[in-house]
Structure formats: structure tokens, C-alpha cells
Amino acid sequence: MSKTDKWNIYLSGEIHTDWREQIQTSVSEAGLPVTFSAPVTHHEASDDCGVAILGAEENKFWHDHKGAQINAIRTRTLIGNADIVVVRFGEKYKQWNAAFDAGYAAALGKPLIIIHQDEHAHALKEVDAAALAVAKTPAQVADILRYVIEGKLAGYNDK
């Protein structure tokens with residue numbers, strides 16, 4: 001990529017903290033040429049989009065199924081267009097959708113950065129094995145993006 005090209009970064013996973021905003025702020029402050037995308041992070045809107053658009057379902061399975069299919073249009077398209085996919089696994093909830101997104105990105109050959117804490121290392125060992133980097137914090141992800149995009153590492157120079 002040239003220095004003028006925009007990098008497309010997809011931010012997947014946990015929706016209950018501000019980790020996306022932390023990465024976006026750091027990258028913006030660094031002046032990196034990045035465009036971010038993400039799933040719909042309003043939990044209720046994401047769950048109810050199918051029935052809100054296509055009509056109510058009596059059975060919860062079909063309610064969820066409609067929403068999952070519509071959300072998959074967004075997710076598959078944005079992951080497919082991404083240059084890098086970042087997936088965060090939070091501490092509190094089981095994020096099967098995040099694991100699916102990581103697997104989908106890996107199957108497409110997308111560079112994958114995973115974020116999780118040490119207590120999830122064993123459960124996510126296969127996901128981590130598919131990743132090119134496993135970070136613990138949004139700040140580490142921002143540093144990875146700075147290095148990858150600019151080819152510079154803080155404290156080092158070409159001399």
C-alpha cells in the first residue's frame with residue numbers, strides 16, 4: 001500500500017467497553033490513514049433488526065435467525081473489505097460471534113489481531129494460532145497499527 005492509501009480496519013467482538021474508541025482515538029492522534037468499521041454495537045438493534053425490518057416472529061429462534069442473517073450481510077461485507085481484522089474477546093460474556101468472525105477472517109486470509117486477557121489464553125488457543133498478533137490492550141493494537149502502517153517503531157530510527 002502507498003502512504004496515501006487508506007487502510008480498512010474492521011473492529012469485531014466485545015461491545016460493552018470503549019476499546020474501539022480507544023484504538024480509534026490513538027490512531028487518529030497519530031494521523032494514520034485508517035478507516036474503521038464494526039458490527040452494529042447497539043445490542044438490542046442488532047438482535048431485533050430482522051423482525052423490525054422483515055416482520056415479527058412468534059418463535060425466538062426465527063427472531064434471532066432473521067437478525068443474524070441481516071447482521072451477516074454487514075459483517076461478511078466489511079470483513080471481506082478489511083485490510084486488517086481486530087477481534088476483542090471481553091472478560092464477561094461468551095462471544096461466539098467474535099470467534100466466528102475471527103475464523104471467517106482467517107479463512108479469507110485477512111491479517112488478524114486478537115485482544116484478550118491471559119485467563120482466556122487456553123480457550124482461545126486455536127484462534128490465537130490463526131492470528132498474526134495477540135494483544136492484551138487497545139493501546140497495543142494501536143501501536144501495532146502504527147508500526148504496520150508507518151514502518152516505524154518508537155525509540156528506533158534509520159541511522
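Asp101 sits in helix α4 (helices are DSSP runs of H or I, at least four residues, and strands are runs of E, at least two, numbered from the N terminus). This is a predicted model, where local features need pLDDT of at least 70 and side-chain atom pairs count only at pLDDT 80 or more, while totals for chains, interfaces and linings use all residues. Residues are numbered from 1 along each chain as its sequence is written, and side-chain values use heavy atoms, with hydrogens and water left out.

## Exercise 1: the span of α4

Work out what span helix α4 should have, and check it against the distance between its end C-alpha atoms.

Solution. Start with the rule: the expected span is 1.5 Å times one less than the number of residues. Helix α4 covers residues 96-107, which is 12 residues, so it should span 16 Å. Now look at the end C-alpha atoms: they are 16 Å apart, which agrees.

## Exercise 2: Asp101 and its surroundings

Find the nearest side chain of opposite charge to Asp101, then list what Asp101 touches.

Solution. Lys and Arg count as positive and Asp and Glu as negative, with His and the chain ends not counted. A salt bridge takes a side-chain nitrogen of Lys or Arg within 4 Å of a carboxyl oxygen of Asp or Glu. Asp101 is buried yet has no salt bridge: the nearest side chain of opposite charge is Arg20, 7.3 Å away. Next, contacts, meaning heavy atoms within 4.5 Å. Leaving aside neighbours within four places in sequence, Asp101 is in contact with Tyr10, Ser12, Thr75 and Ile79. With Ser12, the side chain of Asp101 makes a polar contact of 2.6 Å (a pair of N or O atoms within 3.5 Å; within protein, one must be able to donate a hydrogen and the other to accept it, and residues adjacent in sequence count only if both atoms are side-chain atoms).

## Exercise 3: salt bridges

The structure holds 7 salt bridges. Describe the one between Glu14 and Arg88, and then the one between Arg146 and Asp143.

Solution. The side chains of Glu14 and Arg88 meet at 2.8 Å, N to O. Glu14 lies in the loop between β1 and α1 (19-29) and Arg88 in strand β3, so the pair ties together parts that are 74 residues apart in sequence. Both Glu14 and Arg88 are buried, and a network of salt bridges links Glu14, Arg88 and Glu91.

Now Arg146 and Asp143: their salt bridge is 2.3 Å, N to O. Being 3 residues apart in helix α6 (residues 138-150), they are separated by about one helical turn. Arg146 is partly exposed at 23% relative accessible area, and Asp143 is partly exposed at 44%.

Note on methods: Buried means under 20% relative accessible area, exposed over 50%, partly exposed in between (1.4 Å probe, protein chains only).
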